[in-house]
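Student: Hi! I'm new to this one, could you walk me through it?
Tutor: Happy to, let's open it up together.

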Amino acid sequence: MNGLLASLGTSIGRKMVVAVTGLMLLLFVLAHMAGNLQVFAGPEALNSYAAKLQSLGPLLWAARLGLLAVFGVHVALTLKLASENKEARPTAYAHQTSVQATSASRTMVMSGLLVVAFVLYHLAHFTFGVVQPGNHELVETLADGTTRHDVFSMVVLGFQNPLVAISYVVAMALLCWHVSHGVQSVFQTLGLQSARSRDAVRKASLGIAALIFVGNASMPLACLLHLVDIPSGN
Ligand code: HEM
């Protein structure tokens with residue numbers, strides 16, 4: 001703990017913490033996507049998955065708080081590093097590469113802030129039901145008479161609104177831009193990138209970003225096009 005706090009006192013330490021928290025967020029995005037892709041398997045699969053998560057109770061809350069802390073640290077330290085870079089920037093650049101590096105990190109801050117805006121909208125949509133509240137209140141009645149949150153219908157009906165579906169696809173493109181550059185920075189910051197591996201790292205980061213884009217954008221698009229739909233009779 002003391003080591004972690006000490007590392008926050010230096011610029012390189014802050015970069016390391018941004019890299020590690022970025023990796024943790026990436027793992028969350030991949031795991032969340034794998035869970036959500038069960039929308040393609042139908043209401044039973046997605047609703048029982050969501051119910052299982054809810055049944056974790058205090059564990060789920062601990063994970064949520066941990067995720068929130070990781071997210072907060074990642075965003076706050078990135079903003080701090082960006083403002084330090086701005087203060088330290090000389091009036092004239094000695095090399096073209098430093099201009100490119102600064103412009104890439106500025107775009108990272110911009111795309112990151114847009115991802116934050118997406119997450120806030122997404123929480124208001126699916127977690128708190130502020131957006132499309134009617135869909136959030138839907139429940140499924142099981143054979144034994146008990147009820148559970150109908151996450152499948154909430155997601156499918158939500159994405160059948162073209163504006164909502166398209167805004168998710170645009171947000172996923174931004175997220176993937178951020179991830180593809182972020183993964184390369186993580187390798188650099190953690191000293192895992194050599195001149196020889198640069199190309200492989202670039203390809204791997206593009207591959208991860210493409211996977212996230214295809215997986216996440218497929219859900220709103222499939223619902224919008226009624227390839228995934230509410231079963232008839234519901
Ligand atoms: C099309 C893609 C996505 C779908 C279909 C989706 C679906 C959902 C659903 C249904 C919930 C609410 C779960 C519940 O309350 O039962 C949720 C929560 C959440 N989503 Fe997503 N999501 C998507 C993409 C993302 C992305 C890309 C991120 C992050 C960048 C993200 C971050 C979150 C977070 C932080 C929560 C709150 C988790 C919790 O409260 O337990 N989601 N998502």
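Predicted model: local features only at pLDDT ≥ 70, side-chain atom pairs only at ≥ 80, totals over all residues.

Student: Which protein atoms are donors to the iron atom of the ligand?
Tutor: They are NE2 of His32 and NE2 of His122, at 1.9 to 2.0 Å from the iron atom. His32 belongs to helix H2 (residues 11-36) and His122 to helix H5 (residues 96-127). The two are 90 residues apart, so this pair links distant parts of the chain.

Student: And what geometry does the iron site have?
Tutor: The site is octahedral, with six donor atoms and angles of 87 to 179° among them.

Student: Back to those histidines: is His122 buried or exposed?
Tutor: His122 has a relative accessible area of 17%, so it is buried. His32 counts as partly exposed because its relative accessibility is 31%.

Student: New topic! How many residues surround the ligand?
Tutor: There are 22, and the closest are His32, Asn36, Arg64, His122 and Asn216.

Student: What does the side chain of Arg64 do there?
Tutor: One of its polar atoms lies 2.8 Å from an oxygen atom of the ligand. His122 also places a polar side-chain atom 2.7 Å from a ligand nitrogen atom.

Student: Which helix gives the most to the shell?
Tutor: That's H5, with six residues. Elements giving two or more residues include H2, helix H4 (58-88) and helix H9 (198-224).

Technical notes. Residues numbered from 1 in each chain as written. Heavy atoms only, no water. Donors = N, O, S within 2.8 Å, 3.2 Å for Na, K, Ca; no water. Tetrahedral: all angles 85-135°; square planar, octahedral: opposite > 155°, others 65-115°. Helix = DSSP H or I, 4+ residues; strand = E, 2+ residues; numbered from the N terminus. Buried < 20%, exposed > 50% of the residue type's maximum accessible area, 1.4 Å probe, protein only. Near = heavy atom within 4 Å. Polar contact = N/O pair within 3.5 Å; in protein donor to acceptor, adjacent residues only side chain to side chain.
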